[in-house]
Amino acid sequence: MRSMVYRAGLMAAWVTLAAIAWAGSDPRLDAVQAAMKRSTAFMRSISTNGGYCGIYSVDLKQRFGEATYERARPTEIWVQPPGTPSIGQCWLEAWHVTRDPAYRQAAREVARALVWGQRRIGGWDHRVDVAHLRPDAATPVRRDGHCSFDDNVTQGALAFLIDADAVLDEPWLTEGIELGLRFMMDSQFANGAWPQWYPLRGGYHDYYTFNDGAINDCITVMLKAHAVYGKPEYLASARKGGDFIIASQGPPDQAGWAQQYDHEMKPAWARRFEPPGYCSAVTANNIRTLVELYLATDDERYLGPIPAAIRWLEASPIAPNRWARLYEVGTNRPIYGDRENGNKIIYDYQAVSERERTSYGWQGEYGIRSAIEHYRRVHQSGAAAWKQRERSADPPSRSATERALRDMAPQVQRVLDALDAEGRWVTDGMIHSRTFVRNFTLLCRYVRQARSLSNP
């Protein structure tokens, strides 16, 4: 018995010494956690009833959305990533890593802002006004308005609220999530697609929309809701979305997907610089979503479209590991558009204005190789074996964790050095939520890894 106690004592001492040794390295763990708290205090001090904008001037007199041409009113918050839900996810991650109640409270404030900013019908716009939210309010007061699936707006808000529901027990939160999920199902077309906006507002906004991940993000959030709450209607909605992916695939010689389809299921124009065509980026997204559905349902039917899509992608690069975003229906020629010369298909990339070449991403890799490789690994393994391997995967070894920390350390130190005395990361003379989310997420990862060394 004494030897067992002695060995346990030695182990405890070794763990403590290891933690102290790591905390004494550069950067110090306590310095990282202090920076997290300081940046959190600053961000909470500039929130609007718990919500956030995308960009702030340093003097806080000007507030913007995704870009500085999207000026926000004093009582507006931004839902579009990396706005309010993205910052809320930072607070949740910090809570899970540290169990500091300040982060849980910050996440609760974000959840309240989103639920009070939710449209009466159940979704969200890119921006919402939360002037009506009072600290003692118990029941949300919602307003009418259109809701967006563009840029992961409604889906991202719901995903955060579902995650927040795991750590908060609030009637208003439950009600907001249920309202949002009913909205997701009510706005879905009978064929399984989602529009860009709902209620329908006319034009390309009503089309079946893959662009900016609209349908993909809808499927992901419905799968998430089913995994958390177990209601079969959520899984049925996700499966209907997968059925639309299958139905909308192009012909065998162009077996990709378009950014949007009209209600006759034809690739269609969207904005005046977005011509119809099969889209390499959308095709990579759909490969990933089909694999996601396969793993969630064990239904191999969702893998069926992927080999033909891969053959089309592998036949269509414009350079090694580089694709055009869009390919003309029928000819498979790369095509482009230009805001400065709208409603016109351009075949020569050099004829596209310099502004357009740098603002839209007409050529790129688009994660195509990784999407194909992910499919091949999952297909070779099979759903059951893949999920079992994920469930039973051993945590990283101590040496691997130490190596990861060493690799992260220079970047973490740069983030610490860039944080000013007020708890701000100022870039280009502005305070960007995107910068905060990126830096804070890195610090959380660092703390999680470092703390795992003291909890072997």
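**Salt bridges and a helix pair**

Lys387 is partly exposed, with a relative accessible area of 22%; that class lies between buried, under 20%, and exposed, over 50%, using a 1.4 Å probe and protein chains only. A word on the source. This is a predicted model, where local features need pLDDT of at least 70 and side-chain atom pairs pLDDT 80 or more, while totals for chains, interfaces and linings use all residues. Residues are numbered from 1 along each chain as its sequence is written, and side-chain values use heavy atoms, leaving out hydrogens and water.

Back to Lys387. Its salt-bridge partner is Asp298, with the closest N and O atoms 2.8 Å apart. A salt bridge here is a side-chain nitrogen of Lys or Arg within 4 Å of a carboxyl oxygen of Asp or Glu. Asp298 sits in the loop between helix 9 and helix 10 (306-314), and Lys387 in helix 13 (residues 383-392), so the pair ties together parts 89 residues apart in sequence. Helices are DSSP runs of H or I, at least four residues, and strands are runs of E, at least two, numbered from the N terminus. Asp298 is partly exposed too, at 46%.

How many salt bridges does the structure hold? It holds 27. Another one joins Arg73 and Glu76, at 3.1 Å between the closest N and O atoms. Arg73 is partly exposed at 46%. Glu76 is buried at 4%.

Now Asp338. It is buried yet has no salt bridge. The nearest side chain of opposite charge, Arg355, is 5.9 Å away; Lys and Arg count as positive, Asp and Glu as negative, with His and the chain ends not counted.
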